[in-house]
Amino acid sequence: MSAPPVPKLLRDHLSTLADNDERLDGRSRFEGRDLNIEVGILPRAEGSAKVTMGDTIVYAGVKFQTMTPYPDRPASGGFMTSAEVRPVCGRHWEAGPPSEEAIELGRVVDRGIRESGCLDMSDLCILPGEKAWQVILDLFAISDDGNLFDAFATAGIAALRTAIIPGERFDVGEDRPLPISKSPIMCSYHRVGGRYVYDANIREEIGGDERIHITLSDDGHVHSLQKGLKGVFTADEFYEIMDHAKQRTEAIQAIINSLEVN
Amino acid sequence: MSQSSAAEGRDGRGQTLVTPGQSLGPAEGRTAGNGLVVTERGMIVTSAGVLVQNGNTMDVEPHYTRYTPRPADLIIGVIESVRNNLWFVDILGPFNALLPMSLGPAKADFGGTRQIIDVGETILCRIQEVEETHACVVTMKGLGLRKIQSGIIESIPPHLVKKVLTATMVKNLKSSTDCRIIVAENGRVWVEGPTHGQHMARTFFDAVRNGADDGELDILVAGFLDGGAE
Amino acid sequence: MGGYGDVQMIDADGKRVDGRGAGDMRPMTIEVGVIPVADGSARVTWGTNEVVAAVYGPMEAHPRKIQKQDRAVLDVRYNMAPFSTTDRMRPGFNRRSREIGKVTRDAFESVVLTELYPRSKIRVEIEVLTAEAGTRCAGINAASVALADAGIPMTDMVVSVASGKINGTVVCDLNKEEDNNGEADLPMGILPNSGELVFLQMDGDLSPAEFKEAWDYNMDAASGIHDIMVAALNAAHGGES
């Protein structure tokens, strides 16, 4: 990403807004933008989702390949996440090899899903020691208006939950749904104008400072935390955010768990 | 090739919508204005927009443009980078403009350029000239030109500046929001005043960006005068 | 390309496997402004194809060495998303995509008024979300509309479609099976208001008469595609056409 310098006026303005408990687009501190999730929209993927959060638009596609199991885990399959943030999605994203930002995006989302244990790797075994399924989650942004983290994570779990293992196409059995036992959800908070806000848009990201990404799943279990960029936060700030993350996670899980492919 | 009626659409207000490549027939005494060229095929549309006739000149008001620098335009720019004796200014145009030390707000010693204006600062300046090679120079020497150090900056597509931000509209907006407002040709607008006034101004510019027409905007501004958006 | 008669794709009545006649194009839709953060954008669905294009610019051309003194540089990228094909497409450098980006850029160089923006850059980003033959044509069509949506001045739109030959019969707009098993493929990029060509490729075997037939199918289809483009652009601005 080729970040232009942050206009000082923007930072000053964000500070003033924060002091008055306001945000640039009129949202309240912990209010998210309009969230829209569609599943089953990519016909060549075995599972797919499109997530829109305000003007941020991303796709997630689940593709299956077969692999030889690792020698130390002969009855396990594999899971891999790849995130692409191509120049299509913003003025400041450049062509070239994956940027640090894109790599971090993919890895943070991957950890949230993997650490939740929602995917049972032994479920992916086809023939112990010889063949297993590899699940590949491809995250693909087409419009970046901020908070690609949550958009990717939400699209990722929605796609996984509605994925079908293509047994017939690979001639190893019948098609069956990919077993996913829970829905890990990521909530991201950026420090903007001095305080943490939820679901920052691009101007808040540009004019803001450090960020925290929290992945929770069922019963509020924490599966992944990531703090990005330099800056510090207090224990009080953290628990305030955590409270919101719990509520928001439940709300999004309710949506995800009720999604069906048409 | 394409002669069907879809090639000459009309919008809800009966205006003629045109698309690139569309032929308006032989020039026949009409002058090709904005968004039009004359070729062997006659007068051809080059920009998607609304076709307008101004006397003998045909113009296309584009649906969307980025800013194109013209001499004497008032600009709100943001400093992108600094060299010795020179600032590069983002003017929301096809390329950055140059602000040489000689046309800046003050003179500096070697290495002191950033002390005068730093990267990320916002300035009110004017296009001094657009050279043949289309390098563009701005100046801060002139009445009212200065660093902007307070208030907020809003952005609208530049072609809406003339269309929507008429003298009357800006006057009404100023009095209803109780704010100082400076409109720059490159689509940036500076607003400074009481918090609720800036808030109302932001609501106004959101409406402009979302395609509100003059009537809707007049109603919005009148609403501000009646005591605010809430 | 496969061989003559390998796979039966068109019957004695001239009906193709998906029900189309020889001269019929797959259904196409175009939507404008689908990528809100871009200066211009469009989505094209064509059969099962889904392609989006975003345009940014004109903007500062970085690095300086790519700048041209007398005109804007057209920076065109064509890419297929990993989930766009049945067998996953690995992200990263792809020769086919690079070639398509280049010929697409060449096509638009002929119509975009780059002289109006010296030393700057206009970016065109084409992304294939789902592929079903004819993606390079769909990409060009999406890019045309995205450029118009971004207010980039052009002397014409570029309209692209591919015709070919299956089981010895010339047909319009090959689908995936026809492309894989057919005997010829002729994609073209046409300027609808002048009938001129800015893009032309060909694979396979066509007699002079067959070539003309495929050429004519493309020209006819281009007219219909252009109507869809114009309707999409006008509809985005309150048009009723």
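# Exercises on a three-chain model

In chain C, helix α2(C) crosses helix α4(C) in a right-handed manner, where right-handed describes a near helix turned clockwise from the far one by less than a right angle, and left-handed one turned anticlockwise. This is a predicted model, in which local features need pLDDT of at least 70 and side-chain atom pairs count only at pLDDT 80 or more, while totals for chains, interfaces and linings use all residues. Residues are numbered from 1 along each chain as its sequence is written, and chains are lettered from A and ligands numbered from 1 in the order in which they are written.

**Exercise 1.** Describe how α2 and α4 of chain C pack, and state which residues meet.

*Solution.* Begin by locating the helices (helices are DSSP runs of H or I with at least four residues, strands are runs of E with at least two, and both are numbered from the N terminus): α2 covers residues 135-149 of chain C and α4 covers residues 208-235. Next, take their axes (lines fitted to C-alpha atoms over the stretch in contact, with angles from 0 to 180 degrees between N-to-C directions), which lie 11 Å apart at an angle of about 35°. Then look for contacts (C-beta atoms, placed from the backbone, within 7 Å): Asn141(C), Ser144(C), Val145(C), Ala148(C) and Asp149(C) of α2(C) meet Ile225(C), Met229(C), Ala232(C) and Leu233(C) of α4(C). Finally, sort these residues by class (Ala, Val, Leu, Ile, Met, Phe, Trp, Tyr, Cys and Pro are nonpolar, Asp, Glu, Lys and Arg charged, and the others, Gly among them, polar), which gives six nonpolar, two polar and one charged.

**Exercise 2.** Describe the side of chain C that touches chain A.

*Solution.* Count both sides first: 22 residues of chain C are in contact with 25 residues of chain A. The largest share comes from β5(C), with five residues. Sorted by class, this side of chain C has 11 nonpolar, six polar and five charged residues.

**Exercise 3.** Compare the overall size of chain A with the globule rule.

*Solution.* Chain A contains five helices and 12 strands, and its C-alpha trace spans about 60 × 40 × 40 Å along its principal axes. For 262 residues, a compact globule would have a radius of gyration near 18 Å (taken over C-alpha atoms, the rule being 2.2 Å times the number of residues to the power 0.38), and the 19 Å of chain A agrees with this.

Conventions: Contact = placed C-beta atoms within 7 Å.
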